[in-house]
Amino acid sequence: MPSKTVLIAILLFSAGAMAAAVAAPPPIEHPALHTISREISASRLQATLQQLVDFGTRQTMSETQSDHRGIGAARRWVKVQFQDISKACGNCLEIVTPSKIISGERIPKPTKVMDIVAILRGRSDPQRVIVMTAHLDSRVSNVMNATANAPGADDDGSGVAAVIEAARVLTHQRYPATLVFGVDSGEEQGLYGGKILAAYAVAKHWQVEANLNNDIIGAIAGENGVIDNTRVRVFSQGTKSNETLRQARYRNYTGGEVDSPSRNLARFIATLAPRYVTNLQVQMIYRTDRYGRGGDQVAFLNAGYPAIRFTEPNENYRHQHQNLRTVNGIRYGDTINHVNFPYLAKVTALNAVTMAALARAPVPPAELRISGAVTPNTTLSWQPVAGAASYLLRWRDTTAPQWQYSRWVPLSALRHEAHGRLAYSLQNIVIDNDFFGVSSVSADGYVSPAEFPGFAGSFRRSPPATSVKH
Ligand SMILES: [Zn+2]
């Protein structure tokens, strides 16, 4: 007969072994994400883009009555694509068309600008939303010209084809969070479609965790002479658009200028690319967009949501915003022959993998705080989030672009503090010398993007401003 003490020890040991079986560190890779990546089809992207180009022009003020030419026909065709995808998944998509009558500097006559949006509702957390966007409208040299042929193959037929193909593949599975596929209009006239969709998200109280905007993602040969089908640029802003002066002062002192949620979203995408998409790396650009230029992600940033922009690594400006013409043997215009479909498939796969990975992971920690000044230890604390079975604490040198170090912590190892907060102290890691973040981890091992502490890093839209004692 074992003594009582031994018996208790055996019981404790088996309980410990069971807990270890349930809560394990996240795996390096997820087979479900490989499946999504594999299912993206270059030939379907090509067929979609050919159809978009065949509408002649998709300029925002172009005609809407014809069935084969202009923005109206193009919009109706996109809607039919979403309807067909929905039929194939048991009517899993809800299709909405938020619109607004716009007049502005580039829209002199009041014009209805309409987005075509497909929604795959999340199973357990439908208000948590991941949005993929691209713009349907096209243009020539004169942005006001609504009749000339404007094929807009790369800008931004490539992005629209990617949105439709990602919707097709992602509807083969279901997710805890909601996926939104937005085909915007009015981008070239003043980013109107992005504003309409961001306003729709705010009105619906969506908690948008990420807007992945795709604009010019299909070509591999730049005007600079570089041909590169192995990289994609991800533009992310450094600090939030809606930061107050007080928040900016705090951030200037304690850090966070390179850790907005958009930037940490870019880091998240950068780790997925080489793992799930063969021969693709992310070139992170620490900018909101290309120099002096913009895209529909800006509307999401201005609304307080995390957002990034995907763009091919080397643009050819002879193919953008140009009348179709040949001058001195050089051909100008955004025609389909410049689009490389295997490359477009890779960028589309990265979008789809990112959406699924975000939707399957829990939201990043809520109200994340950090402390530890004048001690040898760094303490992180936060409010628990739905679906998190464990957390991953991360840190990096202050000059490093990507998270370098991590400590996986199951719930059982976390300290429970007042007001239901969870906390963990990293022993002998000094707060002064690194930047810190925390990711949430689902029971099946999906890891959220890392969140940097305080307002500067929070993924929540307009959280209460951090109170700071000066
Ligand atoms: Zn564009």
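**Close-up 1. The side chain of Asp155 meets the side chain of His135 in a polar contact of 2.9 Å.** Welcome to this predicted model. Asp155 has its place in helix H5, which covers residues 153–170. Its side chain also makes a polar contact with the side chain of His321, this one at 3.1 Å. Leaving aside residues up to four places away in sequence, Asp155 touches His135, Asp137, Ser138, Glu188, Asp215, Ile216, His321 and Asp334.

**Close-up 2. Asp155 is buried and has no salt bridge.** A salt bridge would need the charged atoms within 4 Å.

**Close-up 3. Three strands, in the order S16-S15-S19, form an open sheet with antiparallel pairing.** Strand S16 (405–410) and strand S19 (434–441) are the edges of this sheet; each has a single partner strand, so one side of each lacks a neighbour in the sheet. From one strand to the next, the twist averages 20 degrees.

**Close-up 4. Strand S15, residues 390–397, is joined to S16 by 6 bridges.** The two strands run antiparallel.

Close-up 5. With a relative accessible area of 7%, Phe455 is buried, because buried means under 20%. Pro384 is 71 residues from Phe455 along the chain, and the C-alpha atoms of the two are separated by 17 Å.

Key:
Residues are numbered from 1 along each chain as its sequence is written. This is a predicted model: local features need pLDDT of at least 70, side-chain atom pairs count only at pLDDT 80 or more; totals for chains, interfaces and linings use all residues. Side-chain values use heavy atoms; hydrogens and water are left out. Two strands pair if DSSP finds at least two bridges between them. Helices (H or I, at least four residues) and strands (E, at least two) are DSSP runs, numbered from the N terminus. Axes are lines fitted to C-alpha atoms, for helices over the stretch in contact, and angles run from 0 to 180 degrees between N-to-C directions. Buried means under 20% relative accessible area, exposed over 50%, partly exposed in between (1.4 Å probe, protein chains only). Lys and Arg count as positive and Asp and Glu as negative; His and the chain ends are not counted. A salt bridge is a side-chain nitrogen of Lys or Arg within 4 Å of a carboxyl oxygen of Asp or Glu. A polar contact is a pair of N or O atoms within 3.5 Å; within protein, one must be able to donate a hydrogen and the other to accept it, and residues adjacent in sequence count only if both atoms are side-chain atoms. Contact means heavy atoms within 4.5 Å.
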